[in-house]
Amino acid sequence: MIRVLLADDQPLIRSGFRALLDIEDDIEVVAEAADGSQAVALAKQHLPDIALVDIQMPVVDGIEATCRIASDPALTGVRVVILTNYGLDEYVFDALRAGATGFLVKDIQPEDFLHAIRVAARGDALLAPSITRKLIDRYVTQPPRAPIGLDHLTNREREAVALVARGLTTDQIAARMVISPLTAKTHINRAMTKLHARDRAQLVILAYESGLVAPGSVGD
C-alpha cells in the first residue's frame, strides 16, 4: 500500500487529489496539511511513502517544508513530490535541490498523476526527459563543476548516473548496459551513496552540474 500525505493550502485541490487516490486499491491518503509546517509535522506522525507538497503555502512554504523533511534522518523513507501550477515554476529547481524527488503540474491528467505516484513510490525516475531538458536549459547555466565524489565513481557507475540523467528507468538502464535490473540498481545506489544524493532527482542535478551529461544529450 502506497501511503500519501497531501499538502496544499487550497481545500478544493486537496479534495480533488484525494478523490483520485481513494479509489485506487494500492494507494491510501493518510493525512492532509494546509501549510508547510503541518506537512512536516504530519510527515513525522504518519511516515508516508509520498508527500505531495505545494510550493506556495502559508506559514512554511513548500521548499522549506521539503528541506525539513529531506534533512530529517527519521524521514528518509518519505519521498517529496512538488505540486506546482506551472510546468517551470521558478522555485522548482530549488525544491529539487532541497531534496524533492520530482514535481507534478496540477493540471496533469488523472492517469498520469496516478502513474507518477507509483513511479515515485518505487524510487524510479520521475522527471521525464522533456521536463529534465527544460529544467537544465533554464537553470543550469554555470560552468561545469565536479561534485565531491564524482571522481570516485567506477566507469559503470558513471554510465548508470548518465542514463538516469537522461530519464531512463532501471529496466531501460539495464538493457542499455546489458546487465540485470538488480545490477543496474546496485550501480545507481552505490553512486547515490558516493555522491551523497538522496534520490535520483539529485543525481540528475549532479550529472548536469558536473558536465557528466550535456543538456543536448537528453533523450539520445
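Just after helix H7, Gly167 takes a positive phi of about 90°. The exercises below concern a predicted model, in which local features need pLDDT of at least 70, side-chain atom pairs count only at pLDDT 80 or more, and totals for chains, interfaces and linings use all residues. Residues are numbered from 1 along each chain as its sequence is written, and side-chain values use heavy atoms, with hydrogens and water left out.

**Exercise 1.** Find which residues other than glycine have a positive phi, taking Leu47 and His196 in turn, and state where each lies.

Solution. Begin with the general rule that most residues other than glycine have a negative phi. Leu47, although not a glycine, has a positive phi of about 50°, and its place is in the loop between helix H2 (36-46) and strand S3; helices (H or I, at least four residues) and strands (E, at least two) are DSSP runs, numbered from the N terminus. Next, His196 has a phi near 60°, again a positive value in a residue other than glycine, and His196 lies in the loop between H9 and helix H10 (200-209). For accessibility, buried means under 20% relative accessible area, exposed over 50%, and partly exposed in between, with a 1.4 Å probe and protein chains only. Leu47, at 47%, therefore counts as partly exposed, whereas His196, with 67%, is exposed.

**Exercise 2.** Describe the open sheet of 5 strands: what is its order, and which strands stand at its edges?

Solution. The order is S2-S1-S3-S4-S5, with parallel pairing, where two strands pair if DSSP finds at least two bridges between them. Strand S2 (27-33) and strand S5 (102-105) stand at the edges, each with a single partner strand, so one side of each is left without a neighbour in the sheet. Then look at strand S1 (residues 2-7), which is joined to S2 by 6 bridges; Ile2 stands opposite Ile27 in S2, and the bridge partner of Leu6 in S2 is Glu32. Since 5 of the 6 residues of S1 are buried, S1 is largely enclosed by the rest of the structure.

**Exercise 3.** Decide whether the aromatic pair of Phe17 and Phe113 is stacked or edge-to-face.

Solution. A pair of aromatic rings is described by the distance of the centres and the angle of the planes. Rings of Phe, Tyr and Trp (its six-membered ring) pair if their centres lie within 6.5 Å; planes under 30 degrees apart count as stacked, over 60 as edge-to-face and the rest as tilted. The structure holds 1 aromatic pair: the ring centres of Phe17 and Phe113 are 4.6 Å apart and their planes are at 25°, so the pair is stacked. This pair links distant parts of the chain, 96 residues apart, with Phe17 in helix H1 and Phe113 in helix H5 (residues 110-121). Phe17 and Phe113 are both buried.

**Exercise 4.** At what angle do helices H7 and H9 pack, and which residues make the contact?

Solution. H7 (residues 155-165) and H9 (residues 181-195) pack at an angle of about 95°, with their axes 9 Å apart. Axes are lines fitted to C-alpha atoms, for helices over the stretch in contact, and angles run from 0 to 180 degrees between N-to-C directions. Angles under 35 degrees count as roughly parallel, over 145 as roughly antiparallel, 65 to 115 as roughly perpendicular and the rest as oblique, and H7 is therefore roughly perpendicular to H9. The contact (heavy atoms within 4.5 Å) is made by Arg156, Glu157, Ala160, Val161 and Val164 of H7 and by His187, Ile188, Arg190, Ala191 and Lys194 of H9.
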